[in-house]
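Here is a walk through a structure, from single side-chain pairs to the contact between chains. Keep the sequence and the coordinates open as you read.

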Amino acid sequence: MRKQTFSGILGVLAALVIGGVVLALQKFNPFSTYGALLQYSLLSASGLSAMLSRAVPLVLTGLSASIAFGSGLNNLGQPGQLVIGALGATVVGLFVPLPAVALIPVCIAAAMVGGMLWSGLAAGLRRAFAMDEFIVTLMLNFIADYFALWAITYPLFDPAALSPMTRPIRTYAWLSEVGGINASVLYMVVATVLCWLLMSKGVSGYEWRIMGQNRLFARIGGCRVDAHYVRVMLVTGALAGLAGGLMVMGGPHRFVKGLGANYAWDGVMIAVVANNSIPGTFFYGLLFSMLQQGAIGMELVTAVPSEFIDVLQAIIVLVVVAGRVSLNLMFDRIATRKKLRESLQ
Amino acid sequence: MSVFYGLYSAMLVGATPILLAAIGGAFTYYAGIFNIAMEGMMLVGAFCAVLGSFFLHSWILGIVCSIAGALVMAGIFVLFAVRLHTDEFLTGIALNLFAVGLTTFLLRDIFHVKGAFTDPRIVAIPAVTVPFLGQIPVVGRLVSGYNAIIYVALAVTVVAAYVIFRTSFGLRLRAAGYNAACLNSSGVQTPAIRVWSLMLCAICCGLAGAYLSLGSVRLFAENMSAGRGWISLAAVILVSGNPWGVGIISLLFGFFDGLTVFLQGSAIPTQFTAMIPYVATLVSLYFYSVRKRKA
């Protein structure tokens with residue numbers, strides 16, 4: 001654990017240095033660029049609040065990918081599950097007449113059910129026909145995208161709008177701001193804590209992790225891997241769906257064209273850098289949302305295009321992941337040498 | 001009859017990038033690399049093709065740049081997955097993300113546009129008229145007058161099948177995936193074979209990218225590979241890498257892709273017709289899985 005934290009911090013710093021070199025080569029000042037990045041995310045109240053809201057879909061899809069990968073499942077369907085979840089919350093928010101106390105939980109449930117439906121479809125295809133979820137979830141992403149686009153262009157289209165989007169959901173379903181911070185952030189934190197409890201304290205979390213490390217061993221040890229497989233798919237789908245629902249309820253309050261497009265692969269990316277650890281996913285989610293939020297300000301103050309952040313994120317992923325492997329090798333070598341010396345004395 | 005020709009040429013247009021990328025994927029598949037970076041290589045290739053064609057005023061140099069760009073991506077893959085022993089799947093995901101980020105960043109940085117860049121100064125890859133065969137009434141329209149890359153793709157398929165099954169390099173390539181330890185013990189460096197397979201994959205993906213941006217259109221749009229790399233990966237897995245199988249399945253996808261274009265303007269909403277290639281992938285995966293289960 002400590003090794004992971006150490007190599008993670010080292011990796012991020014190394015990636016920032018590489019990013020700085022890239023900036024310097026383009027004749028931008030790296031220090032003022034990184035300064036602006038911080039200024040518009042962590043160091044200002046409005047930036048911090050926006051950054052936390054932005055972290056909601058990142059962390060939740062990251063948790064979804066972390067749990068799936070950690071359990072040995074290739075669920076790459078977070079983008080699709082997010083979109084269907086967002087659609088579920090939107091439909092309930094538009095048409096179900098309930099008071100605020102009931103509508104918000106129902107909307108959230110609808111979002112999670114939407115995500116579960118989409119990941120459950122992939123799980124069902126795997127169980128019934130042995131279709132690999134890796135390709136199925138990928139293809140379902142594209143199908144979900146087009147389906148949602150159809151839904152907001154025809155049946156749910158807002159006639160007053162110029163581009164495809166739905167009408168705003170009922171105000172009862174809006175998530176309010178608490179002390180300048182959107183309530184969706186609270187749900188994200190709760191979800192993270194629950195996931196952490198599930199994965200590191202619960203029996204099923206333990207069995208899932210064993211399944212991720214060695215499926216055969218888990219089966220022989222008495223885990224019902226097939227049942228667990230479906231459960232993991234449903235839980236991870238629900239998390240991604242929740243991300244979509246919270247985006248609609250906390251943000252634009254309607255399903256806008258392209259919702260979730262910017263977050264498409266971020267969940268997978270965050271799970272990858274965090275090495276499927278739940279706290280790691282949370283912190284990298286915050287880091288990436290900080291970068292993405294700061295990018296907007298960075299573009300305003302310096303001439304650096306905000307797309308630079310996409311490059312920086314990919315550099316962080318590569319350097320942290322590669323660094324972890326090499327550092328682990330190095331640590332092992334040092335430990336071996338130490339042991340050897342001790343045993344020789 | 002014009003309906004038939006329209007569908008036929010739409011099929012070729014749709015099939016070509018998938019075929020090229022999938023042949024590239026076949027090389028790495030046989031070498032035992034779980035390579036999912038085709039999407040990224042294709043995207044970088046497409047961008048570099050426009051870059052080369054625009055600044056050097058030549059489509060040939062555009063293709064050269066495109067292959068060079070894809071090779072750089074392959075180099076990064078080699079550095080991380082082969083040298084530093086990072087997980088291939090993670091490297092592939094990171095590379096794909098890197099490709100999207102890099103191309104949007106450079107699009108903004110070099111051409112100062114967002115979304116898409118098009119310019120009359122971009123030189124497109126020309127269509128080729130086949131001598132003699134092109135003169136024959138019906139056959140002529142079927143074999144002649146298509147984009148040069150389409151013929152290259154055909155040639156690449158044949159060459160790939162020959163190299164993989166008939167040469168000593170192909171034998172080593174297959175051995176690298178089948179039993180790397182055995183190959184090592186017979187004195188061949190498996191990592192070297194894997195590096196070669198990645199280079200070949202990059203060349204194919206570079207060609208696919210050049211076709212995307214300089215073939216039927218003359219523009220680069222953000223994320224213009226639009227999942228084709230993933231479909232080609234599915235194609236490779238479905239036929240276990242066999243180049244002839246890849247060819248057939250790419251034509252099938254090309255057909256459905258062409259159908260998409262063809263059904264635009266009909267009563268069916270375009271959002272549903274656009275789903276067709278992805279649904280087709282799922283359907284073919286269904287047949288593959290059911291067959292494999294019975295075996």
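Which residue's side chain meets that of Asp158(A) in a salt bridge? The partner is Arg254(A), with an N to O distance of 3.4 Å. Bear in mind that this is a predicted model. Asp158(A) sits in the loop between helix 6 and strand 1 (177-178) of chain A. Arg254(A) sits in the loop between helix 10 (225-250) and helix 11 of chain A. The two are 96 residues apart in sequence, so the pair ties together separate parts of the chain. Asp158(A) has a relative accessible area of 8%; it counts as buried because the limit is under 20%.

A second pair lies within chain A. Glu133(A) and Arg126(A) form a salt bridge through their side chains, at 2.6 Å from N to O. What is the burial of each partner? Glu133(A) is buried, at 3% relative accessibility. Arg126(A) is partly exposed, at 26%. Over all chains, the count is six salt bridges.

Now cross to chain B. Arg108(B) and Glu307(A) meet in a salt bridge, 2.9 Å from N to O. Arg108(B) belongs to helix 4 (residues 88-111) of chain B. Glu307(A) belongs to the loop between helix 12 (278-301) and helix 13 of chain A. Glu307(A) is buried, with 8% relative accessible area. Arg108(B) also forms a salt bridge with Glu299(A), where the closest N and O atoms are 2.6 Å apart.

How many salt bridges link chain A and chain B? The count is two. Polar contacts between these chains number four residue pairs, with both residues at pLDDT 80 or more. Several elements of chain A give two or more residues each to the side that touches chain B: helix 5 (100-129), helix 6 (133-153), helix 11 (266-273) and helix 13 (308-344). Helix 6 of chain A gives the most, with 13 residues. By class, this side of chain A has 34 nonpolar, five polar and five charged residues.

Turn to the whole contact. Chain A brings 44 residues to it, and chain B brings 42 residues. The size of an interface is often given as the accessible area lost when the parts come together. Here the area buried between chain A and chain B is about 3900 Å². Carbon and sulfur atoms give 81% of that area.

The largest nonpolar core has 205 residues. Those with the most contacts inside this core are Leu60(A), Phe69(A), Phe134(A), Phe288(A) and Met41(B). Helix 13 of chain A provides the largest share of the core, 13 residues.

Which residues does Phe288(A) contact, leaving aside neighbours within four places in sequence? They are Leu58(A), Met269(A), Ile270(A), Val273(A), Gln313(A), Ile316(A) and Val317(A).

One last stop is a histidine in chain A. His228(A) lies in helix 10 of chain A. Is His228(A) buried or exposed? His228(A) is buried, with a relative accessible area of 5%. Beyond residues up to four places away in sequence, His228(A) touches Ser204(A), Glu207(A), Trp208(A), Met211(A) and Cys223(A).

Methods
Residues numbered from 1 in each chain as written. Chains lettered and ligands numbered in written order. Predicted model: local features only at pLDDT ≥ 70, side-chain atom pairs only at ≥ 80, totals over all residues. Heavy atoms only, no water. Contact = heavy atoms within 4.5 Å. Buried area = accessible area lost by both parts, 1.4 Å probe. Salt bridge = Lys/Arg side-chain N within 4 Å of Asp/Glu carboxyl O. Polar contact = N/O pair within 3.5 Å; in protein donor to acceptor, adjacent residues only side chain to side chain. Helix = DSSP H or I, 4+ residues; strand = E, 2+ residues; numbered from the N terminus. Nonpolar A, V, L, I, M, F, W, Y, C, P; charged D, E, K, R; others polar. Core = buried A, V, L, I, M, F, W, Y, C linked by side-chain atoms within 4.5 Å. Buried < 20%, exposed > 50% of the residue type's maximum accessible area, 1.4 Å probe, protein only.
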